[in-house]
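Please look first at the sequence and structure shown here.

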Amino acid sequence: MIITSQRKIEEILKNLQNIKKVFLVGCGECSTTCKSGGEPEVLEVKAKLEQQGKIVTGYVIPDAPCISAQIKTALAKNAKALKEAEAILVMACGLGVQSVKSNDRRELPIFPGCDTLFMGAVDNEGTFQELCSACGECILDLTGGICPVTRCSKGLLNGPCGGMNKGKCEVDKDKDCAWVLIYDELKKKGKIGLFNKIQSAKKYSKTTRPKKLVLEKT
Ligand code: SF4
Ligand code: SF4
């Protein structure tokens, strides 16, 4: 899931200062879960914009699986409302904002209504945790399913570092050291031999941006 947080209305209004009519796009998947761009948040922003004298010509909240896969159809279905709009406010991740831009035939100004934070998962208490940095060369099979690239504050491939103290991280004392978690997990699974294996440096050529994947035709 892509984790986003909603921008403050003042920030949104700053971008829309010379714009009267705006169309809103939310997200029925990740931003709904993050409460940054689901229907309640879109309606709340709509009401706040209208209070400030803006005209919201319409809104759409594409469903799962992802805004990028649904946006073309969603925009086509809202052609009339889009025709009246002077700009589009997208309450979704950066991928959503750029997908709207690629599919908006009128080439309207497009503004983000959210900030995109990280790829993560949500736990039972509603806390979002960053778990993967999309490094392009996964080593979870060697680290007991715990990602050191993301969960170690220094992204160390071999650890723990000398700053670890009683299982906690020297960078953030409230945080468990990822490498202690990895050690405990490998020990529990009878795979401690993997812990003693030195991991070689990652191929950073795999992280060259922008990344791209072309599926083979079957
Ligand atoms: S090693 Fe970590 S950052 Fe890399 S792909 Fe696996 S989980 Fe993601
Ligand atoms: S204490 Fe552990 S998690 Fe923190 S930087 Fe060192 S190895 Fe990484």
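The model is predicted, with local features needing pLDDT of at least 70 and side-chain atom pairs pLDDT 80 or more, while totals for chains, interfaces and linings use all residues. Residues are numbered from 1 along each chain as its sequence is written, and chains are lettered from A and ligands numbered from 1 in the order in which they are written.

The protein chain holds 9 helices and 7 strands, defined as DSSP runs (H or I, at least four residues, for helices; E, at least two, for strands). Its C-alpha trace spans about 65 × 45 × 25 Å along the principal axes. Buried residues (20 or more other C-beta atoms within 10 Å of their own, with C-beta atoms placed from the backbone) make up 28% of the 218 residues.

An automatic or database assignment gives domain 1 (2-118) and domain 2 (135-207). The centres of these two domains, taken over C-alpha atoms, are 38 Å apart.

Around ligand 2 there are 15 residues, the closest being Cys152, Gly159, Cys161, Cys169 and Cys177. The residues around ligand 1 include Cys132, Cys135, Cys138 and Cys147. A residue counts as near a ligand if its C-beta atom, placed from the backbone, lies within 6 Å. The table sorts both shells by class (Ala, Val, Leu, Ile, Met, Phe, Trp, Tyr, Cys and Pro nonpolar; Asp, Glu, Lys and Arg charged; the others, Gly among them, polar).

| Shell | Nonpolar | Polar | Charged |
|---|---|---|---|
| Ligand 1 | 8 residues | 2 residues | no residues |

Technical notes:
A residue is buried if 20 or more other C-beta atoms lie within 10 Å of its own, exposed if 12 or fewer, and partly exposed in between; C-beta atoms are placed from the backbone.
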